[in-house]
Amino acid sequence: MRIVILLMLWSSVIYGQVEFDKTYDSEGVNHVVIDNLKGDIIVKAGSSDQIIIKATSTTTNRIAEMELKEYRTENVLAVYLHNPCKKGFTRFDPEKPFRFIQTENNCQWGGKFDEQEIPKLTLEIEIPTDMNVYVSTIIEGDIDVRGISGVVYASNVNGSIKMHEVSKVKNGTTVNGNIDINYRNKPSITGRFSTINGEINLNMPKNSSLTTNFKSFQGELYTDFDAVQLSGNIKNQETLNPGEMVKVGEYAEAQIGTGEINLFIETFNGNAYLKQIK
């Protein structure tokens, strides 16, 4: 079973008020898109076929044109913070999930309001473990995803991304923040990970089979996996003993195992660490 959800943000002037707290059956939807603007997103696997969504506001003064809304089509449910630049929806593409909610080009609504007026929402979502989830936040928010075996796509700007007990991470990108991901099983789909000001930590089973493509301006990639083949800018290339940390420089590729799954890893000022789960 999948999701049928209707959401509305009730206006409130009470600091820390629960805006929405409801449980739904999950039927007919494979993809859940959560598009926040300001605040945290917390996703965890539930123990049933139900969806539980709780939205809490920590804003005392808000822009009237903004409210939490829901849109449902085919097998997709989108929950998003509406603003004057949102104009409609297009066909859902899991490779570019946030283009699903269309925005007017060159829209300048943000310049008319103080950032403090934008509702800050903490969205807590409990979903069936095999559901695909796509989450995004921009201002003053962190993303935390736990126990999801479906595809996970996370996008942030000013905050961290954390995932625990996941298997299929398609995307983990932020600008200012760390990315910490602990895989339950070896990666089974191509993943893209990037941050400008932060570190990337990827922890996965030792039987993982990967080809890593690494790019950085000032950072480096370290791994304690046994690299079958290294190419590009490799430092300390002679030290490839099992269990030792290998230092991989910019624009380098490392094949681990038979190299089945591609991981694209990019930093600007921080290092990346690819480690075995002990």
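Modeller: Let's begin with what counts as a pair: two rings of Phe, Tyr or Trp are paired if their centres lie within 6.5 Å, with the six-membered ring used for Trp. Keep in mind that you're looking at a predicted model. With that rule, Tyr71, Tyr80, Phe89, Phe92, Phe98, Phe100, Tyr134 and Tyr153 are joined into a cluster through ring pairs.

Across the whole structure, the search turns up ten aromatic pairs. Take Tyr134 and Tyr153: their ring centres are 6.2 Å apart, and the planes meet at 40°. Stacked needs under 30 degrees and edge-to-face needs over 60, so a pair at 40° is called tilted. Where do these two sit along the chain? Tyr134 is in strand 10 (residues 132-136) and Tyr153 is in strand 12 (residues 151-155), so their pair ties together parts 19 residues apart in sequence. Both are hidden away, too. Tyr134 has a relative accessible area of 1%, and the cut-off for buried is under 20%, so Tyr134 is buried. Tyr153 comes out at 15%, so by that cut-off Tyr153 is buried as well.

Now compare that with another pair, Tyr222 and Tyr273, which is stacked: the centres are 5.4 Å apart, with 15° between the planes. This one also links distant parts of the chain, with Tyr222 in strand 19 (residues 221-223) and Tyr273 in strand 25 (residues 272-276), 51 residues apart. Tyr273 is buried, at 18% relative accessible area.

Rings can have other partners besides rings. Arg192, for instance, lies over the face of Phe264, 4.2 Å from the ring centre.

Let's move on to charged partners. The search finds seven salt bridges in the whole structure. One of them joins Asp35 and Lys86, whose closest N and O atoms are 3.3 Å apart. Asp35 belongs to strand 2 (residues 31-35) and Lys86 to strand 7 (residues 86-89), so here again parts of the chain are tied together, this time 51 residues apart in sequence.

Another bridge has Asp144 and Arg146 meeting at 3.0 Å, N to O. Asp144 is at 19%, which is under the 20% limit, so Asp144 still counts as buried. Arg146, at 41%, counts as partly exposed. A further bridge connects Glu165 with Arg184 at 3.4 Å, N to O. It links distant parts of the chain: Glu165 is in strand 13 (residues 161-166), while Arg184 is in the loop between strand 15 (179-183) and strand 16 (191-195), 19 residues apart. Glu165 is partly exposed at 32% relative accessible area, and Arg184 is partly exposed at 32% relative accessibility.

Ile196, Phe217 and Phe268 make a nonpolar surface patch of about 290 Å². Of these, Phe268 is in the loop between strand 24 (261-267) and strand 25, and is partly exposed at 37% relative accessibility.

Here's a backbone detail worth a look. Most residues other than glycine have a negative phi. Glu74 isn't a glycine, yet its phi is positive, about 45°. You'll find Glu74 in the loop between strand 5 (67-73) and strand 6 (76-82). At 56% relative accessible area Glu74 is over the 50% cut-off, so this residue counts as exposed. Glu140 has a positive phi too, about 50°, and is in the loop between strand 10 and strand 11 (143-146). At 36% relative accessibility, Glu140 is partly exposed.

Finally, zoom out. The protein has 25 strands and zero helices. Of its 278 residues, 50% are buried. Among contacts with a separation of 6 or more, 59% are between residues 24 or more positions apart.

Note on methods
Residues numbered from 1 in each chain as written. Predicted model: local features only at pLDDT ≥ 70, side-chain atom pairs only at ≥ 80, totals over all residues. Heavy atoms only, no water. Helix = DSSP H or I, 4+ residues; strand = E, 2+ residues; numbered from the N terminus. Buried < 20%, exposed > 50% of the residue type's maximum accessible area, 1.4 Å probe, protein only. Lys NZ or Arg CZ within 6 Å of the ring centre and 35° of its normal. Salt bridge = Lys/Arg side-chain N within 4 Å of Asp/Glu carboxyl O. Patch = residues over 30% accessible without salt bridge, like charges linked within 9 Å, V, L, I, M, F, W, Y side chains within 5 Å. Areas by Shrake-Rupley, 256 points an atom, 1.4 Å probe, with all protein chains shown as cover. Contact = heavy atoms within 4.5 Å.
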